[in-house]
Amino acid sequence: MNYISTRDKSVKATAAEAIARGISDDGGLFVPDSFPHFDREDFKKISQLDYVGRAKYVLKYFLNDFTDEEIDRCVKGAYIGSFEDDKPAPISVIGKNANVLELWHGPTCAFKDLALQLLPYLLTVSAHKVSSGRKTVILVATSGDTGKAALEGFKDVPDTEIIVFFPSDGVSPMQKLQMESQKGKNVHVCAIKGNFDDAQTGVKKIFTDSAVKQKLADNNMQFSSANSINWGRLAPQIVYYVSAYCDMLERGEDYLKDGFNIVVPTGNFGNILAAYYAKKIGVPVNRLICASNANNVLTDFIRTGTYDRNRKFFTTISPSMDILISSNLERMLFELCGNDDAKVREMQASLAKDGKFTVNEEVKNRFDELFWAGCCDDSATLETIGGLFDEYGYLCDTHTAVAMNVYKQYVETTGDDRPTVIASTASPYKFAKSVLSAVSDRESNDEFGNVRLLSEVTSTAVPAPIAALESAEVRFNDICGRDEMLSAVYKSLGIE
C-alpha cells in the first residue's frame with residue numbers, strides 16, 4: 001500500500017511520508033491506493049483481542065513502512081493507561097438496537113483522544129524515517145475538541161511545537177478553558193476573530209504557501225497537521241468501528257445477520273469517513289447516517305448532490321459541528337468518482353471560487369446507496385437529551401443528541417430498525433450548561449456550578465479531567481484576526 005493525493009494521484013507517498021507531511025503539496029489529501037479486506041476469520045481473531053490488540057491488527061495494514069515493533073510501541077504508548085479501565089471505546093445499549101459507542105473516556109473527554117493519543121507516536125516515528133533532524137510544527141484549526149486533544153497528545157513531545165487556532169466565540173466555555181490552560185513547554189494557543197471555517201482556511205493557506213515552507217526549512221522546521229486532513233488521524237478512527245463490530249458479535253451472529261447501520265454527528269466528515277473505510281475493509285455496514293445540526297450543508301449535499309457553503313452560519317450548542325467547509329468530504333468524493341483526481345480538482349476549485357459544486361448523477365447515486373442524512377436544531381437537540389434521560393436514564397452531550405435525533409428520524413422515515421452504532425463523541429460535562437438545561441430547571445451562574453449541579457441532578461460522576469479544570473491556570477489569552485494567523489505562527493516559533 002502506498003498513499004496518493006486526491007488532487008494528483010501520480011503523487012506517491014509511504015505512510016510515514018503522508019503522516020509527516022500531513023497534506024500533499026498540491027493541497028490534496030493523502031488516501032491509500034489500495035485497501036485490505038478482512039473476512040470472517042479475521043474478525044473472529046480480532047474479536048478475541050483487547051483494544052490494543054485490535055488496533056495493532058488493523059493498523060499494520062495501513063502503516064506500510066512501520067515495523068511490527070514500531071506499531072507495538074506506538075499503540076501501547078497511546079492506549080495503555082490513558083483511558084478509563086483501559087477501555088477506549090465501550091458500548092452502552094439503549095433500547096433494543098441503539099448501540100452507543102462512547103468515544104470520550106480519554107484524557108480530554110472527546111472522541112479525538114482515540115486518534116490524538118496515537119498520532120504523536122506515529123508522527124515521531126514518521127519524522128525519524130523521512131526528515132530526521134528537523135523540528136516538526138503541528139498546525140491545528142479546531143472547532144473545539146481537536147485542539148485540546150492535540151495539545152494534550154503533543155505536549156512536551158521532543159522536537160515538536162504545536163500551535164492551535166480556535167474561533168473566539170465558537171467553542172463551549174469548557175472547551176475554551178481546556179485549551180487556554182494547557183500545560184507544556186511546546187504548546188501555543190490563539191483565538192481568532194471568526195468561525196472554524198476561517199481558522200481551517202487560514203491553516204490550509206499557511207500549509208500550502210511555498211514561501212512559508214521555505215522559511216520554516218531555513219529554521220530547520222517543517223509543518224505537519226493534527227487535523228483529520230492528516231491520514232494519521234483517520235487511520236486510528238477506523239479501528240474503533242472495527243472494535244464496535246467485534247463487540248456486537250458477542251451477542252451472536254444472528255444479531256447482525258442483516259448488517260448494521262452507523263450514525264455519526266458530522267461536521268468535517270472525518271469520523272463518518274472512517275466508518276466508510278471500516279465498511280470498505282469488510283465490516284458489514286448497511287447504511288452510513290450523517291447527522292448535522294443547524295449548519296446542515298452536508299445534509300443538503302447528500303440529499304441534493306449540490307454542496308453550497310453560501311448560507312447563514314449558525315453558532316449552536318453543538319459547536320464542534322459548526323462547520324460549512326467539510327474538508328474530509330474531498331476524500332469521499334475521490335473515492336466515489338473512481339479516483340478521478342481531475343474531477344476532484346474541478347470541484348475543489350469551484351468550491352474555492354464560487355463556494356459550491358454539484359456532483360454528476362452517477363456520483364449522486366453512489367452517495368444515495370451508502371448514505372442517509374438528517375439534521376436538527378438546538379431545540380430538538382435539547383429535547384432529545386431530556387427524552388433520553390427521562391426514558392432510559394442515559395445522559396448524552398449535545399453532539400451525541402444530534403445523532404440520536406437523526407437516528408430516530410431515519411428509523412421513522414425508512415422503517416429500518418436493524419442494529420445501529422451511534423458515535424458518541426464527547427462527555428456531557430463538556431457542555432454542562434446546555435445539558436443541564438435539558439434535564440433540569442436549575443442553573444448556576446458559573447460553569448463549574450453547572451457541572452456540580454448536573455452531577456447532582458443526574459447522579460452521574462464528573463469526569464476527572466473536567467473536575468481538574470476548576471483550579472487550572474489560564475496560560476493563553478491571545479486573539480488575532482483571520483489575516484494575522486501567519487504572524488501568530490511566526491511569533492509562537494520565535495521566527496522573525
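Q: Which side chain does Asp25 meet in a salt bridge?
A: The side chains of Asp25 and Lys213 meet there, at 3.3 Å from N to O. Keep in mind that this is a predicted model.

Q: Why can such a pair form at all?
A: Side chains of opposite charge can pair when their charged atoms come close.

Q: Which parts does the pair of Asp25 and Lys213 tie together?
A: Asp25 sits in the loop between helix 1 (15-21) and strand 3 (30-32). Lys213 belongs to helix 10 (residues 210-218), so the bridge ties together parts that are 188 residues apart in sequence.

Q: How many salt bridges does the structure hold?
A: It holds 23 salt bridges. One of them joins Lys135 and Glu161, with the closest N and O atoms 3.2 Å apart. This pair links distant parts of the chain: Lys135 is in strand 6 (residues 135-141) and Glu161 in strand 7 (residues 160-167), 26 residues apart. Lys135 is partly exposed at 27% relative accessibility, while Glu161 is buried at 13%.

Q: What are the closest atoms between Arg418 and Asp416, and how far apart are they?
A: They are N and O atoms, 2.9 Å apart, in a salt bridge. Arg418 is partly exposed, with a relative accessible area of 23%. Asp416 is buried, at 13%.

Q: Which residues do salt bridges with shared partners join into one network?
A: Arg21, Asp25 and Lys213 form that network.

Q: Now strands. Why is strand 15 described as largely enclosed?
A: Look at burial, residue by residue. Strand 15 covers residues 420-424, and five of the five are buried, so the rest of the structure largely encloses it. Thr420, Ile422 and Ser424 point one way, Val421 and Ala423 the other way, and all are buried.

Q: Which strands pair with strand 15?
A: Strand 5 (residues 98-102) runs parallel to strand 15, and five bridges join the two. Among the partners, Val100 bridges to Ile422. Strand 10 (residues 260-265) also pairs with strand 15 in the parallel sense, over three bridges. There, Asn261 has Thr420 as its bridge partner.

Q: And the surface: which residues gather in a patch of negative charge?
A: Asp50, Glu84, Asp85 and Asp86 do. Take Glu84 as a case: its place is the loop between helix 4 (68-79) and strand 4 (91-94). Glu84 is partly exposed, with a relative accessible area of 42%.

Methods
Residues numbered from 1 in each chain as written. Predicted model: local features only at pLDDT ≥ 70, side-chain atom pairs only at ≥ 80, totals over all residues. Heavy atoms only, no water. Patch = residues over 30% accessible without salt bridge, like charges linked within 9 Å, V, L, I, M, F, W, Y side chains within 5 Å. Areas by Shrake-Rupley, 256 points an atom, 1.4 Å probe, with all protein chains shown as cover. Salt bridge = Lys/Arg side-chain N within 4 Å of Asp/Glu carboxyl O. Lys, Arg positive; Asp, Glu negative; His and termini not counted. Charge placed at Lys NZ, Arg CZ, Asp CG, Glu CD. Helix = DSSP H or I, 4+ residues; strand = E, 2+ residues; numbered from the N terminus. Buried < 20%, exposed > 50% of the residue type's maximum accessible area, 1.4 Å probe, protein only. Pairing = 2+ DSSP bridges.
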